[in-house]
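Hi,

Here is the structure I promised to hand over. Please open it beside this email and look up each residue as you read.

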Amino acid sequence: MKTFKNIFRLVALTAALVIVFNACKKDDDGVIDGGVEQTGWVAPTETAFQFSMTLQAQIAQQETVLTNPANEIAAFCGNQCRGKAHVVFDKALNRYLCNLTIYSNAEESETIEIKVFVAEHKKIYDNCLSFPFQSNLSMGGCDHLITLP
């Protein structure tokens, strides 16, 4: 009887993992679809890094600027999160912006990949922007758009 219960639990667990995996798989367009409530991206500890740069941008999809403060932008070097920010309203500029500080222990040459989470669609967009890290560089601006598919 115990063996039957253990087999049943194993089958149920396997089925649950398959459902979760299929619900969050990447499409060919680099988008992780389905049921992403939160990213789990953890902002880096500033003191763990020697160098930084900044990126300021608006996130747009189908020519519409995204305004939901639950939307996130994050910078990655490989699988390591090097910076994270939410969409905020800048009263002085009268715009919704992301102000992202990106950290590194190398002054230059690491490749940074920008990912965007759109809360309304529960989707993560990979490879939105890619560039080499350069210490003390300020990229973008209040008119810079990161356009999602």
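Start with aspartate 143. This residue is exposed, with a relative accessible area of 55%. Exposed means over 50%, buried means under 20%, and partly exposed is in between (1.4 Å probe, protein chains only).

Two notes before you go on. This is a predicted model, with residues numbered from 1 along each chain as its sequence is written. Local features need pLDDT of at least 70 and side-chain atom pairs count only at pLDDT 80 or more, while totals for chains, interfaces and linings use all residues; side-chain values use heavy atoms, without hydrogens and water.

**Salt bridges**

Side chains of opposite charge can pair when their charged atoms come close. For a salt bridge, a side-chain nitrogen of Lys or Arg must be within 4 Å of a carboxyl oxygen of Asp or Glu. By this rule there are four salt bridges. Aspartate 143 and arginine 95 form one of them, at 2.9 Å from N to O. Aspartate 143 sits in strand E10 (residues 138-148) and arginine 95 in strand E7 (residues 95-104), so this pair ties together parts that are 48 residues apart in sequence. (Strands, E, are DSSP runs of at least two residues, numbered from the N terminus; helices, H or I, need at least four.) Arginine 95 is partly exposed, at 29% relative accessibility.

Now look at lysine 84 and glutamate 72. Their salt bridge has its closest N and O atoms 3.6 Å apart. Lysine 84 is in strand E5 (residues 80-86) and glutamate 72 in strand E4, so distant parts of the chain are linked, 12 residues apart. Buried or exposed, which is glutamate 72? Glutamate 72 is buried, with a relative accessible area of 6%.

Another salt bridge joins glutamate 110 and arginine 82, with the closest N and O atoms 2.8 Å apart. Glutamate 110 lies in strand E8 (residues 108-118) and arginine 82 in strand E5, so parts 28 residues apart in sequence are tied together. Both glutamate 110 and arginine 82 are buried.

**Serine 104**

Glutamate 110 has a polar partner too. The side chain of serine 104 makes a polar contact with the side chain of glutamate 110, at 2.5 Å. (A polar contact is a pair of N or O atoms within 3.5 Å; within protein, one must be able to donate a hydrogen and the other to accept it, and residues adjacent in sequence count only if both atoms are side-chain atoms.) Serine 104 is in strand E7. This serine is buried, at 0% relative accessibility. Leaving out residues up to four places away in sequence, serine 104 touches Phe49, Gln50, Phe51, Arg82, Glu110 and Phe133. Contact means heavy atoms within 4.5 Å.

**Aromatic rings**

How many aromatic pairs does the structure hold? There are three. In tryptophan 41 and phenylalanine 76, the ring centres are 5.6 Å apart and the planes stand at 70 degrees, so this pair is edge-to-face. Tryptophan 41 lies in the loop between strand E1 (31-32) and strand E2 (51-61), and phenylalanine 76 in strand E4 (residues 72-77), so the pair ties together parts 35 residues apart in sequence. Phenylalanine 89 and tyrosine 96 have ring centres 4.9 Å apart and planes at 55 degrees, so their pair is tilted. The rule takes rings of Phe, Tyr and Trp (its six-membered ring) with centres within 6.5 Å; planes under 30 degrees apart are stacked, over 60 edge-to-face, the rest tilted.

Tryptophan 41 is buried at 12% relative accessibility, and phenylalanine 76 is buried at 5%. Phenylalanine 89 is partly exposed at 38%, and tyrosine 96 is partly exposed at 31%. Lysine 115 lies over the face of phenylalanine 76, at 4.4 Å from the ring centre. (Here NZ of Lys or CZ of Arg must be within 6 Å of the ring centre and within 35 degrees of the ring normal.)

**Nonpolar cores**

A nonpolar core is a set of buried Ala, Val, Leu, Ile, Met, Phe, Trp, Tyr and Cys residues joined through side-chain atoms within 4.5 Å. The largest has 24 residues, and Ile73, Ile102 and Ile114 have the most contacts inside it. Strands E2, E4, E7, E8, E9 (123-134) and E10 each give two or more residues to this core. E2 gives the most, with five residues. Another core lies apart, with seven residues, among them Ala74, Cys81, Phe117 and Ala119.

Best wishes
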